[in-house]
Amino acid sequence: MASSPYLSIVIPVYNEAAIVASAAAELSQGLDARGWDYEIIFAENGSRDSTPRILEEMCAKNPRLRWFHSERPNYGVALKAGIEKARGTLVFCDEIDLCDLTFYDAALPLLEKGGVDTKGGVDMVVGSKAAKGASDQRPIIRRVATRVHNGLLKVALGFQGTDTHGLKAFRREALRPVVEKCVVDMDVFASEFVIRAWREGLRVVEIPIQLHEKRQPSIHLFKRVPNVLRNVGKLFYVIRIRGT
């Protein structure tokens, strides 16, 4: 694609050989059916299965697909790098086990409402699995973990919303400076990104989503806890103590 697409979709992938081809095909077909100008960027990080080979084959066949490789499994680093590589006017951050086009259908009009002049428009849309009207079909332990994590963000960082991790869409130029300020990685990068957008006074809105995952999470929930606590602590120091 010679010119920049209107939409960039960034999807971190790690050991997703079982579903990456089918999920990408389903997403591409849905986007094509809507007539949208788009690119999909797969941020592959540290996969030990055949995910890189599958991505290479997929991208060779479809010019709308791109991918890059990072050596270490790190969701936050991969997502941030994918956002930085995005060329679209609007950027969607998706998950390979979701690829929910109903979120795209709901978020796109909100982002486009302000047109070139974003006064009265929206800068970021967060797909919340905890907002009123959402349906979260994950196991109860993961639903509780989401509530606990969001509660921690409210207490430590003054977060005002109901969710930070998962589906989100935003105006690239408005959010680029926010991405550059982010200092943490792994799962907490997504939280920092949303919280900083709130704190910078950008217009962030939440919409409820219907969450139906295509597979179990690739990283065990309890293995994430030490890193989450460490990174939230780092954010508390950087944002609340240093004020940056």
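**View 1. Ile 9 sits in strand β1, residues 7-13.** Helices (H or I, at least four residues) and strands (E, at least two) are DSSP runs, numbered from the N terminus. This is a predicted model, where local features need pLDDT of at least 70, side-chain atom pairs count only at pLDDT 80 or more, and totals for chains, interfaces and linings use all residues. Residues are numbered from 1 along each chain as its sequence is written, and side-chain values use heavy atoms, with hydrogens and water left out. Ile 9 counts as buried because its relative accessible area is 0%; the cut-offs are under 20% for buried, over 50% for exposed, and partly exposed in between (1.4 Å probe, protein chains only). Look across to Ile 40: it's 31 residues away along the chain, yet the two C-alpha atoms are separated by 4.7 Å. Setting aside neighbours within four places in sequence, Ile 9 is in contact with residues including Leu 27, Leu 31, Tyr 38, Phe 92 and Tyr 104. Contact here means heavy atoms within 4.5 Å.

**View 2. Ala 43 lies in strand β2, residues 38-45.** With a relative accessible area of 0%, Ala 43 is buried. Leaving out neighbours within four places in sequence, you'll find Ala 43 in contact with Ile 11, Pro 12, Val 13, Phe 68 and Ala 78. His 69 is 26 residues from Ala 43 along the chain, and their C-alpha atoms are separated by 6.6 Å.

**View 3. Strand β5 (residues 124-128) is mostly covered, with 5 of its 5 residues buried.** Met 124, Val 126 and Ser 128 point one way from β5, while Val 125 and Gly 127 point the other way. On the parallel side of the story, β5 pairs with strand β8 (residues 204-208) over 5 bridges. Two strands pair if DSSP finds at least two bridges between them. To get your bearings in that pairing, find Gly 127, which stands opposite Ile 207 in β8.

**View 4. Strand β7 (residues 168-171) runs antiparallel to β5, and 3 bridges join them.**

**View 5. Zooming out, the protein has 8 helices and 9 strands.** The C-alpha trace spans about 50 × 45 × 35 Å along its principal axes. At 244 residues, a compact globule would have a radius of gyration near 18 Å, so the 17 Å of this protein agrees; that radius is taken over C-alpha atoms, and the globule rule is 2.2 Å times the number of residues to the power 0.38. Buried residues make up 51% of the 244. Of the contacts between residues at least 6 apart in sequence, 79% join residues at least 24 apart. The protein exposes about 11300 Å², with carbon and sulfur atoms supplying 55% of it; accessible areas come from the Shrake-Rupley method with a 1.4 Å probe, and for residues only the protein chains shown count as cover.
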